[in-house]
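Subject: Structure handover

Hello,

The structure is below, with the sequence. My notes on it follow; please read them alongside the coordinates.

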There are 2 protein chains.
Amino acid sequence: MENKMERIRLKSLQDLVVTPQEAASWIQDGMTLGLSGFTRAGDAKAVPHALVDRTRNIDGFKVNVFTGASLGFETDEKLAEAGIVNKRLPFQVDRTMRGKINEGDLLFVDQHLSHTAEVVRQGVLPKIDFAIVEALAITEDGMIIPTTSVGNSSIFVEHAKNVIVEINTAQPDFEGMHDIYDIGMYGERVPVQMTKPSDRLGTVGIPVDPAKIKGIVFNHHLDSPSPNEGPDAETETMAANLLDFLRNEVREGRLTNELAPLQAGIGSQANAVLYGLLDSEFENLEVYSEVLQDAMFDLIDAGKVNFASCASITISEEKMKTVFENPEPYKDKIVLRPQEISNLPEVIRRMGLIAINTALEFDIYGNVNSTHVTGTKMMNGIGGSGDFARNSRIAIFVTKSVAKGGDISSVVPFVSHVDHTEHDVDVLVTEHGYADLRGLAPRERAPKIIQNCAHPMYREQLMEYFNEACERGGQTPHILEKAFSWHTRLNETGTMLEPELVR
Amino acid sequence: MENKMERIRLKSLQDLVVTPQEAASWIQDGMTLGLSGFTRAGDAKAVPHALVDRTRNIDGFKVNVFTGASLGFETDEKLAEAGIVNKRLPFQVDRTMRGKINEGDLLFVDQHLSHTAEVVRQGVLPKIDFAIVEALAITEDGMIIPTTSVGNSSIFVEHAKNVIVEINTAQPDFEGMHDIYDIGMYGERVPVQMTKPSDRLGTVGIPVDPAKIKGIVFNHHLDSPSPNEGPDAETETMAANLLDFLRNEVREGRLTNELAPLQAGIGSQANAVLYGLLDSEFENLEVYSEVLQDAMFDLIDAGKVNFASCASITISEEKMKTVFENPEPYKDKIVLRPQEISNLPEVIRRMGLIAINTALEFDIYGNVNSTHVTGTKMMNGIGGSGDFARNSRIAIFVTKSVAKGGDISSVVPFVSHVDHTEHDVDVLVTEHGYADLRGLAPRERAPKIIQNCAHPMYREQLMEYFNEACERGGQTPHILEKAFSWHTRLNETGTMLEPELVR
């Protein structure tokens with residue numbers, strides 16, 4: 001059996017091993033924690049749970065919790081239930097935490113995932129007292145080797161007062177697959193010398209001043225698996241529509257069958273689109289994304305994807321069995337980077353990505369809501385969708401045309417919250433078709449979106465709104481007193497359908 | 001007297017001189033024109049007017065008109081009046097054209113100013129039949145030397161089928177002050193090797209295949225001057241508030257008195273902010289902006305600004321007299337670049353700019369409307385504000401707290417159009433104070449914006465909305481059926497004030 005202490009290769013640090021409970025005892029009311037973890041992968045698992053156990057009954061105890069993105073292992077749920085979080089950023093997906101956020105019990109700052117490092121560096125946010133990061137090992141020269149994500153770990157470690165390392169002996173042997181690079185402080189920055197996804201910029205681990213490491217704990221738990229949702233009939237059709245768009249780009253001479261580096265957001269819809277590539281004519285693909293999901297490994301296995309860059313690997317239990325137990329075949333095909341680099345505008349624009357992200361709803365002029373249900377209630381957060389959409393060669397948003405059995409139309413007159421403006425949205429895709437909005441004025445966009453993307457049951461209602469709005473004039477015609485009537489009707493009657501249209 | 005022909009230093013091109021009327025006769029119905037011109041500076045003046053004269057009575061004659069930004073010389077007015085424009089992009093400021101846009105007579109595509117070059121390069125827009133660009137001269141080796149702006153001229157020339165050069169003998173001797181650089185096609189791009197505003201990347205003129213030059217015309221007209229609006233009491237107070245914010249950043253150790261490279265949008269409010277720097281302790285400043293206005297030259301003259309990079313110089317008649325007649329002192333202090341480079345996310349983020357732009361209205365959560373009056377009617381366009389705000393170190397938006405003598409509040413419950421989302425807005429400034437929103441959740445933002453930025457006459461009404469919305473819950477509390485009630489009240493009653501509050 002493995003001697004866990006051998007993971008601490010810088011021997012002088014071996015004396016720092018403590019229990020999670022002891023490490024948690026150092027965390028005081030009012031402190032700010034920077035946790036590893038991005039889309040459930042590579043999250044610190046032991047100390048946050050010990051902290052919850054220690055403090056859930058301490059009246060008024062609160063900490064700020066900063067992460068890469070979402071955590072797994074029910075950590076956000078337990079933190080929220082214990083009521084010990086003052087401020088949380090930049091992303092979460094937990095149902096309980098979401099409830100607390102929307103009740104106003106917990107302050108949530110929804111940030112572009114590439115922006116968090118900037119505000120940490122600038123000193124605008126509270127100083128991080130403890131960075132708590134999961135690791136495979138600490139090297140002889142004192143570098144922390146991350147596990148299945150990098151996220152914000154390196155920037156947290158660099159700017160924290162103290163560091164706690166959680167060595168997770170259950171994680172796969174990904175050593176050598178990380179590329180840690182810091183763009184540095186303003187005034188000292190130089191161009192990021194990357195022109196393709198496989199370029200390496202930095203070190204295989206996170207450099208750290210050993211004096212900042214206050215404790216090391218061990219844990220042995222796999223990441224929370226991603227739900228293994230295969231495509232359904234609608235997401236398959238959506239994927240086919242998106243491939244039709246790409247084929248047309250090839251016909252027009254704007255792309256080749258090798259496309260351009262791809263980014264795909266998290267979730268079953270983006271995953272379905274990637275599955276759609278599996279049996280397509282597209283080949284020699286490259287990927288520059290945040291998260292790699294199951295479909296990506298199938299694409300690599302099939303020889304469709306030559307290289308994939310990411311900030312995190314989030315896969316199903318089934319896929320973990322093959323990938324985690326034998327990562328060797330992927331070691332020269334995947335690199336994990338800090339999320340500031342995976343989502344960096346400079347690199348995204350230089351490479352000319354095709355970005356595929358999921359919308360909650362979009363409006364007839366192409367504005368996209370990614371975050372707020374009926375304008376007020378937070379789902380997860382904007383994540384990296386803005387980093388990619390703004391700077392990509394082609395910014396694509398996908399969604400099913402209706403939700404809740406048809407009571408909610410994903411195409412509305414006016415989105416109830418704007419995350420991506422008309423300026424940043426190129427192509428919209430639903431199971432009914434795609435609308436290519438590039439170079440179109442708002443009055444050209446609306447009929448195209450309605451006819452190509454909306455569910456047939458809502459098309460007439462949408463065209464009525466648009467036509468009535470056009471009578472009033474304007475670059476972007478609207479009837480402000482009716483703009484949100486679909487959302488208020490939903491709240492009042494349970495459906496966005498107008499009364500005479502309800503079946 | 002100058003021999004105009006000497007401006008055509010590549011002698012073989014001297015035979016191409018024609019009248020503007022002859023050049024205009026080449027332009028056929030359905031064609032797409034790429035005109036020089038950015039914020040009234042360096043615009044093609046002769047051929048567009050000759051085109052209007054020739055075609056205003058031709059039934060159904062239409063062309064697409066692409067530019068850098070706004071044109072001067074009443075060109076947009078005449079184009080709009082003649083009714084010969086099918087599609088216009090990416091920016092305009094003309095009253096007549098605005099009217100046609102809002103009536104739906106003219107298609108306007110409102111783009112981030114750094115994005116136009118990308119869509120031209122990709123071939124998404126109609127191919128440019130004629131690039132018509134103003135020049136100081138054509139060099140011996142066939143480069144076109146721009147005048148008072150670069151804008152999109154270089155990308156238009158590169159991708160147009162034909163080029164018409166308008167040599168303007170009235171323009172100042174700016175030769176050597178331009179730096180023309182093309183980031184190139186996807187797949188071939190390399191890092192833009194710029195780390196400070198004074199770095200040079202390319203050539204002093206626009207390289208062109210001489211075979212593409214179809215004609216050369218002469219003109220002799222100064223640019224339309226910028227209105228010389230000095231600061232008023234409110235913009236002076238606004239500037240003082242912004243300086244207070246910057247001083248606080250210095251006190252907190254996040255900036256020094258040298259600040260960071262500055263960007264300031266066009267208009268009297270941004271100009272006033274720059275005037276505010278004149279008598280401040282801030283020094284050794286650098287500027288990386290789109291447009292240089294009057295105040296910038298005063299800052300350079302006073303030794304406050306060491307270097308300024310821009311895409312255009314737009315100054316008043318008075319300032320033209322000193323700067324244009326003796327540009328020598330500015331030749332090593334100013335560089336003019338293509339707008340894709342002046343507005344490039346890569347460079348803006350690397351340098352860590354402080355970006356100051358004007359809002360039309362903002363809401364209690366920090367979303368900004370830069371373009372649409374009451375959600376529908378286009379003013380000018382988003383311009384470069386999004387390029388800068390998203391990628392800057394500190395994204396600041398300024399506006400007076402009320403308009404129309406108090407009937408319009410610039411602070412509203414929900415902006416009627418979103419150009420900049422809460423994710424991209426750091427600091428809001430009015431004549432009443434500033435709200436630093438960095439690191440704040442929406443529920444923290446609202447009271448701060450209302451108390452610090454709104455006009456006192458609207459604060460109670462705003463707090464009432466916010467408090468009522470909070471009772472309903474949500475990350476971003478709203479009452480959707482009342483969200484636009486301020487705008488609809490304005491339309492119906494002439495004021496956003498609630499009836500009981502109207503004086």
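Lys404(A) counts as exposed, because its relative accessibility is 66% (buried is under 20% relative accessible area, exposed over 50%, partly exposed in between, with a 1.4 Å probe and protein chains only). Lys404(A) sits in the loop between strand 22 (402-403) and strand 23 (408-409) of chain A; helices (H or I, at least four residues) and strands (E, at least two) are DSSP runs, numbered from the N terminus.

This is a predicted model, in which local features need pLDDT of at least 70 and side-chain atom pairs count only at pLDDT 80 or more, while totals for chains, interfaces and linings use all residues. Residues are numbered from 1 along each chain as its sequence is written, chains are lettered from A and ligands numbered from 1 in the order in which they are written, and side-chain values use heavy atoms, with hydrogens and water left out. Chain A has an average pLDDT of 96, and 99% of the residues score at least 70; pLDDT is the predictor's confidence in each residue, from 0 to 100. The ipTM is 0.97 and the pTM 0.98.

Annotated positions

An unreviewed UniProt entry lists Asn380(A), Gly384(A) and Lys404(A) under "binding site". These span 25 residues in sequence and their farthest two C-alpha atoms lie 26.2 Å apart, so they do not all gather at one spot. UniProt positions are in the numbering used here, feature names are shortened, and annotations may be inferred rather than shown by experiment.

Gly384(A) lies in the loop between strand 20 (377-378) and helix 13 (385-391) of chain A. Gly384(A) is buried, at 3% relative accessibility. Neighbours within four places in sequence aside, Gly384(A) is in contact (heavy atoms within 4.5 Å) with Leu113(A), Glu290(A) and Asn343(A).

The unreviewed entry also gives residues 331-465 of chain A as "domain: Acetyl-CoA hydrolase/transferase C-terminal". That stretch of chain A, 331-465, is 30% helix and 27% strand, with its end C-alpha atoms 53 Å apart.

The two chains

Salt bridges

Over all chains there are 68 salt bridges (a side-chain nitrogen of Lys or Arg within 4 Å of a carboxyl oxygen of Asp or Glu). One of them joins Asp244(A) to Arg247(A), at 3.7 Å from N to O. Asp244(A) and Arg247(A) are three residues apart in helix 7 (residues 233-251) of chain A, so about one helical turn separates them. Asp244(A) is partly exposed at 38% relative accessible area, and Arg247(A) is partly exposed at 26%.

Asp436(B) and Arg438(B) form another salt bridge, with their closest N and O atoms 2.9 Å apart; both Asp436(B) and Arg438(B) are buried. Salt bridges with shared partners also link Glu118(A), Arg121(A), Asp182(A), Arg189(A), Glu340(A) and Arg349(B) into one network.

Regards
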